Amino acid sequence: MVKLNGVVVRVPGKVNLHLGVGPLDPDGYHEVTTVFQAISLYDDVTIKHGEPGQGIVLTLSGSTSMGVPVDSSNLAFRAAELMTDRYDLSKDLSIHLKKEIPVAGGMAGGSADAAGVLVGIDALFDVGLSRDEMERIAAELGSDVPFSISGGICIGTGRGDRITPALSRGTYHWVLALSGHGLSTPAVYGECDRLREGMPIARPQVSEAMMQSLRAGDPKAVGKALANDLQAAACSLRPALRLVLDVGLEYGALGGIVSGSGPTVAFLVDDEEKALDLTVALSASGVVSGVIRANGPTHGARVVETL
Ligand code: ATP
């Protein structure tokens, strides 16, 4: 067995095609039922053996890396600590995150980096974790981390961390409308609770309309079935998102949705040509800070290069 000097892991961002949020549990969390799709917007995580005694050293680059912490508050750093503690591995590691997934955009950027670190350390030290073991450790780091490892299209239950692949066909074309400032996930959940105060809230259900549309590989039906219980809360905290949704739908999107806790708004369109038209329309509208096109579903965290 040749000892590797390093590995590069590519990890996708995600959109939630469906996000059902249950009532606030006594432990402060919400049960969710969600449908994730991994999309072709990636962070690259490079992990190399470091100098003896250096510890975990994290560095950043990429279009969305500004302001992201490099200490133990970074989820990738915590993933490295967890993996090296659990399997008694050297902590002398140099980790570089090349970030393209928007930060605090509801696209699981931090979770993607944590997933990349788990997969990368597993490969670098030849730990040989099974998919199940990997997903269990991933769930300790955050609800979206197991999906970032699996990719594709999955149903997430529990806190979104118990994932099952969903039957689906076809490729989906997305136009992502970005906001200049992120939204904090806990703040959006808090606003959701506030808006629903006093209302009876049912346990979240898998969306049959969404599952059927995905099985049929029918983007028009998927567009109609897009639903997010956090959307009203994200729009309440950031009213401009309603304008973004209106612009996208007016310019021919099959459906539009705030992704996860937002503020990224994801529009599903028919094909590449429609994606280009909508990109131009959204950019010209002045209501978004950036527009990105992406396709899904794509793979989860995987080693793309050994060093
Ligand atoms: P989710 O969709 O899982 O709710 P998100 O995409 O909305 O997450 P992240 O991009 O993961 O949000 O970032 C949320 C916060 O976490 C940021 O404000 C940032 O300071 C912090 N953070 C910690 N680690 C990372 C990381 N590796 N990349 C980006 N942000 C990170």
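Colleague: Which side chain does D85 meet in a salt bridge?

Modeller: D85 meets the side chain of K91, at 2.6 Å from N to O. A salt bridge here is a side-chain nitrogen of Lys or Arg within 4 Å of a carboxyl oxygen of Asp or Glu.

Colleague: Before we go on, what sort of model is this?

Modeller: This is a predicted model, where local features need pLDDT of at least 70, side-chain atom pairs count only at pLDDT 80 or more, and totals for chains, interfaces and linings use all residues. Residues are numbered from 1 along each chain as its sequence is written, and side-chain values use heavy atoms, with hydrogens and water left out.

Colleague: Back to that pair. Is D85 buried or exposed?

Modeller: D85 is exposed, at 53% relative accessible area. K91 is partly exposed, at 31%. The cut-offs are under 20% relative accessible area for buried and over 50% for exposed, with partly exposed in between (1.4 Å probe, protein chains only).

Colleague: How many salt bridges does the structure hold?

Modeller: The structure holds 13. One of them joins E140 and R86, whose closest N and O atoms are 2.8 Å apart.

Colleague: Where do E140 and R86 lie?

Modeller: E140 lies in helix α3 (residues 131-141) and R86 in helix α1 (residues 75-86), so the pair ties together parts that are 54 residues apart in sequence. Helices (H or I, at least four residues) and strands (E, at least two) are DSSP runs, numbered from the N terminus. E140 is partly exposed at 48%, and R86 is partly exposed at 40%.

Colleague: What about E208? Which residue is its salt-bridge partner?

Modeller: The partner is R215, with the closest N and O atoms 3.7 Å apart. E208 has a relative accessible area of 48%, which makes it partly exposed. R215 is partly exposed too, at 37%. There is also a network: salt bridges that share partners join D43, K99 and D113.

Colleague: New topic. Which domains does the assignment give?

Modeller: The domain assignment gives domain 1 (6-166 + 297-306) and domain 2 (172-295). Such bounds come from an automatic or database domain assignment. The C-alpha centres of domain 1 and domain 2 lie 23 Å apart. The contact takes 31 residues from domain 1 and 36 residues from domain 2. Contact means heavy atoms within 4.5 Å.

Colleague: How much area do domain 1 and domain 2 bury between them?

Modeller: About 2,600 Å², with 63% of it on carbon and sulfur atoms. On the domain 1 side, L17, L19 and V21 lose the most area to domain 2, together 22% of what that side buries. Buried area is the accessible area (1.4 Å probe) that two parts lose on being put together, summed over both.

Colleague: Why quote an area at all?

Modeller: Because the size of an interface is often given as the accessible area lost when the parts come together.

Colleague: How many salt bridges cross the interface of domain 1 and domain 2?

Modeller: The rule finds one. There are also 17 residue pairs in polar contact across that interface, both residues at pLDDT 80 or more. A polar contact is a pair of N or O atoms within 3.5 Å; within protein, one must be able to donate a hydrogen and the other to accept it, and residues adjacent in sequence count only if both atoms are side-chain atoms.

Colleague: Which strands supply the domain 1 side?

Modeller: β1 (6-24), β2 (30-49) and β5 (153-157) each supply at least two residues of the side that touches domain 2. β1 gives the most, with eleven residues.

Colleague: Now H96. Where is H96 placed?

Modeller: H96 is in strand β4 (residues 93-98). H96 is partly exposed, at 24%. Leaving out residues up to four places away in sequence, H96 touches D44, V45, T46, T59, L60 and S61.

Colleague: Which side chains make polar contacts with the side chain of H96?

Modeller: The side chain of T59 does, at 2.8 Å. The side chain of S61 is also joined to that of H96, at 2.8 Å.
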